[in-house]
Amino acid sequence: MKHKVATTVNGRRHEHEVEPRLLLVHYLRDNLGLTGTHIGCDTSQCGACTILVDGKAVKSCTMFAVQAEGRNLMTIEGMAKDGELHPIQQAFWDEHGLQCGYCTPGFIMAAALCRCTGYVNIVKAVQTAAKTMSATPAKKATVTAGGN
Ligand code: FES
C-alpha cells in the first residue's frame, strides 16, 4: 500500500505516492531525478548520501521517504543560487578538493568519509571556504533547507 509524501526540496514542493519502505535517497534520485545525492555504502557509514532536512545534516539512506513528509530538504543541487556556486562548492572547485569525486556532495553537505584517501586538497578546500565565508559577510552563506 502506497503512502502520500509531500516535501519541499530545494525550494520546490513535491508530492508523490510511495512505498513505505522506500528510502529517502532513492526517492530523491529515482522519483525527483536529483542524482547529486550519492549512495556510497548503503549502511550509514560513508555520508555520500548526506542532505539537509530542516537545516540539519541527515544521511538520506537512513531515513524513509515517508518520514520526510512536510519537511524542507536541501540536496547538493539546491546549493548554487542564481547561477553562482555556494562558497563551499566554489572552494572545492578552486582547490580541486576531490580524488574520484564520488563523495564530494557528501563532503560539501557535511563531513563525510572518503575511501580514496586524497584528503590534502579536500582540507585545503575546507580552509578556503572557511576563509571566504568569514572574510566576506555578504558572501557568508548559510546552508539551510529550502534553497535560502
Ligand atoms: S550511502 Fe553511505 S551513509 Fe548513506
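Here is a walk from the whole chain down to single residue pairs.

A quick word on ground rules: this is a predicted model, where local features need pLDDT of at least 70, side-chain atom pairs count only at pLDDT 80 or more, and totals for chains, interfaces and linings use all residues. Numbering starts from 1 along each chain as its sequence is written.

The protein chain has 4 helices and 5 strands, and reading from the N terminus you get β-β-α-β-β-β-α-α-α. The radius of gyration is 15 Å, close to the 15 Å that the globule rule gives for 148 residues, so the chain is as compact as a globular protein of that length. Helices here are DSSP runs of H or I with at least four residues, strands are runs of E with at least two, and both are numbered from the N terminus. The radius is taken over C-alpha atoms, and the globule rule is 2.2 Å times the number of residues to the power 0.38.

Now for the strands, which pair if DSSP finds at least two bridges between them. Strand β1 (residues 3–9) runs antiparallel to strand β2 (residues 12–18), with 7 bridges; along that pairing, alanine 6 sits opposite glutamate 15 in β2. The β1–β2 hairpin has 2 residues between its strands, and asparagine 10 there takes a positive phi near 55°.

β1 has another partner too: it is joined by 2 bridges to strand β5 (residues 72–74), in the parallel sense. Here threonine 8 stands opposite asparagine 72 in β5.
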